[in-house]
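Thanks for making time for this one.

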Amino acid sequence: MGRRPSISEEWRLMNLYERFEQVVAIILANVIAVVIVISLYQLIRTVAVLITSRVLDSLDHGVFQELFGMIMTLLISMEFKHSILRAALRRGSVIQVKTVVLIALIALSRKFVILDPNVGAGTIGALSAALLALGAVYWLLSACEKP
């Protein structure tokens with residue numbers, strides 16, 4: 001195995017557009033990092049308020065939806081940031097299809113968590129079909145990856 005080129009060596013080898021992509025990816029990663037920190041602060045604040053007011057009841061559907069919706073939003077943001085950083089470090093294409101499918105799976109899972117209990121069967125069926133289709137695509141992409 002050869003030595004991996006340094007960032008400065010890679011930068012010199014890039015054309016103008018590749019450098020532009022790098023700068024945009026780094027800016028996006030930093031913006032998302034700020035959003036993650038703010039969201040984490042809001043989650044911690046919400047949990048603290050629920051604990052101090054003794055309203056924290058994980059069996060209460062509304063509390064469960066709010067807390068786990070916030071947690072899953074953070075997970076989606078972190079996965080998105082991870083994929084951008086991977087692209088910025090040139091470990092893959094700008095955004096890989098598998099990563100986009102994974103983020104969509106997490107987002108759909110979040111939708112199931114925060115779903116109103118009175119939603120119709122058609123909506124649940126459509127979300128389930130989308131989740132199964134995305135799961136199948138993710139599985140196929142994983143099966144086709146080089147080891």
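Let me begin with a definition that I will need in a moment: a salt bridge here is a side-chain nitrogen of Lys or Arg within 4 Å of a carboxyl oxygen of Asp or Glu, and a residue is called buried when its relative accessible area is under 20%. Please also keep in mind that this is a predicted model.

With that in hand, look at Lys81, which sits in helix α3, residues 61-88. Lys81 is buried and yet has no salt bridge, and the nearest side chain of opposite charge, that of Glu79, is 11 Å away. What does Lys81 touch, if we do not count residues up to four places away in sequence? The contacts are with Ala29, Ile32, Ala33 and Ile36.

Let me step back to the overall fold. The protein has five helices and zero strands, so that reading along the sequence gives the pattern α-α-α-α-α. Of its 147 residues, 23% count as buried, and the accessible surface comes to about 10,100 Å², with 69% of that belonging to carbon and sulfur atoms. If we take contacts between residues at least 6 apart in sequence, 63% of them join residues at least 24 apart.

On the surface, Trp11, Val23, Ile27, Val31 and Val35 form a nonpolar patch, which together has about 410 Å² of accessible area. Which helix gives the most to this patch? It is helix α2, residues 16-52, with four residues. The C-alpha atom of Val23 is separated by 8.1 Å from that of Ala88, although the two residues are 65 apart along the chain.

My last point concerns aromatic rings. A pair of aromatic rings is described by the distance of the centres and the angle of the planes. The count in this model comes to one aromatic pair. The rings of Tyr17 and Phe20 have centres 5.9 Å apart and planes at 40°, and the pair is therefore tilted. Tyr17 and Phe20 are three residues apart in helix α2, which means that about one helical turn separates them. Is Tyr17 buried or exposed? Tyr17 counts as exposed, because its relative accessibility is 52%.

Note on methods: Residues numbered from 1 in each chain as written. Predicted model: local features only at pLDDT ≥ 70, side-chain atom pairs only at ≥ 80, totals over all residues. Heavy atoms only, no water. Patch = residues over 30% accessible without salt bridge, like charges linked within 9 Å, V, L, I, M, F, W, Y side chains within 5 Å. Areas by Shrake-Rupley, 256 points an atom, 1.4 Å probe, with all protein chains shown as cover. Helix = DSSP H or I, 4+ residues; strand = E, 2+ residues; numbered from the N terminus. Buried < 20%, exposed > 50% of the residue type's maximum accessible area, 1.4 Å probe, protein only. Lys, Arg positive; Asp, Glu negative; His and termini not counted. Contact = heavy atoms within 4.5 Å. Phe/Tyr/Trp six-rings, centres within 6.5 Å; stacked < 30°, edge-to-face > 60°.
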